Amino acid sequence: MRIKSLLSAVALLAAVSCGTSPKAIMTAVPARPAGQENVIGLTAEPMDVVRIGVVGLGMRGGSAVERLSYVPGAVVTAVCDIEPEKAEKSRSWLVEKGCAEPAVFAGDKDSWKQLCEMDGVDLVYICTDWLNHAPIAQYAMEHGKHAAVEVPAALNMDEIWSLINTSERTRRHCMMLENCVYDFFEMSALRMAQEGVFGEIIHCEGSYCHNLDSFWKMYWHEWRSEYNRSHRGNLYPTHGLGPVCQVLNIHRGDRMKTLVAMDTRSFNGGKVVEKLTGEPCEDFMNGDQTSTLISTVNGKTILIEHDVLTPRPYSRMYQVVGTDGYAAKYPVRQICLRNSEEGDGGGRYVAPEKVLSAEEISELQEKYTSVILTPELTELAKKVGGHGGMDFIMDYRLVYCLRNGLPLDMDVYDLAEWCCVAPLSALSIENGNAPVEVPDFTRGAWNVVKGFSYAFAE
């Protein structure tokens, strides 16, 4: 199998070097069901207060309940977890803070259905294990609720298309809670890109490199470790992909066209299993390192990496490459701009790029602060926290847009595009690193909107 994969990769490289294009594996785009329309720019009726039901109250869900209590116009009216003690902890926290007492649904694996059916909920905020993300989001929309779902929102192409079709049919929002697009550096770099600081953006990179050694024991009897054991591909692409897709205006004037993926074999996965269980493991599927290269219709490229099994330092690898500039956050903040200086004619060398100092980068970030940030919001976000404040900004923008009847910052097509890398990268790897076509999840509407933007109330 390894020899076959290597030969396929060599054939692919040979085809590229000869100027020919290897045939991509086609992926089906099901016909839009009769009577449905796309949800580009979807708006819903505004609401004075957004009543929120939070499902899944572990690490992410419990902290979400606390953050949401600080968001203007948000009220948590229901909490749900299969473990009653977790639901009680969130209920008690809200009551002690002086918030209205929420309804509690707990103790049964289907308790979330009662929350989705509850009249006093406008938005279902989903923080469960990965396997239940898409089913709960779909059920919520079918019962008239908007859905906000943690990453990854969908695990396979069937789930992705089901969420798209349900959102289009019900006209309910379905947004993935991708917090990294609200990190301060990424937001300022986005604005710089939009205002031409880097010239035309031609290539971007992102990753999820996070050594999970300290988490595997916690995950072992749950979902994540077993999912890594049984699946190949880039299983967690959205933190790296989301911010660069906004920079590249994906489905807002460009779209992902083709991807190619390859992985190392699993050197460390089996060792993790053996350490936790005391039994040898020869069937760990996810490679220690997975790389995915994506092309777009407009001739841009994206590189996405996944590594949760080596001692590599944490990195989302955020990099933006333009014709006249470059920005990166990892391993250190770096901005380089084309240098306008020339040599003095005496052979003195002047670097063609100007590498900004830390002070200059901070000044540039301040000059190009994201348009969604006010000093008051920035201060509150840093006070409430959540990965340095980006979680709170994500929650704030979600509630702000719902209250004002505006399109959300991220729609169901963003969800689809950012999640599809997982199943499609696996398809590429399992077929000898073959190119795989990325479907047009908008079914023809990817070029209707020109450029990514945030919506604001007048």
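Visitor: How many helices and how many strands does the protein chain have?
Guide: The protein chain has 16 helices and 15 strands. Both are DSSP runs numbered from the N terminus, a helix being H or I over at least four residues and a strand being E over at least two. The model is predicted: local features need pLDDT of at least 70 and side-chain atom pairs count only at pLDDT 80 or more, while totals for chains, interfaces and linings use all residues. Residues are numbered from 1 along each chain as its sequence is written, and side-chain values use heavy atoms, with hydrogens and water left out.

Visitor: What percentage of the contacts in the protein chain between residues at least 6 apart in sequence join residues at least 24 apart?
Guide: A contact means heavy atoms within 4.5 Å. Among contacts between residues at least 6 apart in sequence, 76% join residues at least 24 apart.

Visitor: What is the predictor's confidence, and where does pLDDT stay under 50?
Guide: pLDDT is the predictor's confidence in each residue, on a scale from 0 to 100. The protein chain averages 93, and 92% of the residues score at least 70. Over residues 1–20 pLDDT stays under 50, and the model has 14 contacts beyond four places in sequence for that segment.

Visitor: Why does L241 count as buried?
Guide: Buried means under 20% relative accessible area, exposed means over 50%, and partly exposed lies in between (1.4 Å probe, protein chains only). L241 has 0% relative accessibility and therefore counts as buried. L241 sits in helix 10, residues 238–247. Leaving aside residues up to four places away in sequence, L241 touches I294, I302, I304, E417, W418 and V421. Across the whole chain, 56% of the 458 residues count as buried.

Visitor: What makes helix 10 mostly covered?
Guide: Ten of the ten residues of helix 10 are buried. Among them are H239, P243, C245 and Q246.

Visitor: Why is N249 called partly exposed?
Guide: N249 has 24% relative accessibility and therefore counts as partly exposed.

Visitor: Why is R171 called partly exposed?
Guide: The relative accessible area of R171 is 29%, which is why R171 is partly exposed. R171 lies in the loop between helix 6 and strand 6 (174–176). R171 is a residue other than glycine with a positive phi, near 60 degrees.

Visitor: Why is helix 16 described as largely enclosed by the rest of the structure?
Guide: Helix 16 covers residues 421–430, and eight of its ten residues are buried, so helix 16 is largely enclosed by the rest of the structure. The buried residues are V421, A422, P423, L424, S425, A426, S428 and I429. They pack against helix 6, helix 10, strand 8, strand 9 (290–296), helix 15 (412–419) and strand 15 (436–437). After helix 16 comes G432, with a positive phi near 70 degrees.

Visitor: What makes helix 7 mostly covered?
Guide: Helix 7 comprises residues 184–194, and nine of its eleven residues are buried. The buried residues include F184, F185, L190 and M192. Just after helix 7, G196 takes a positive phi of about 80 degrees.
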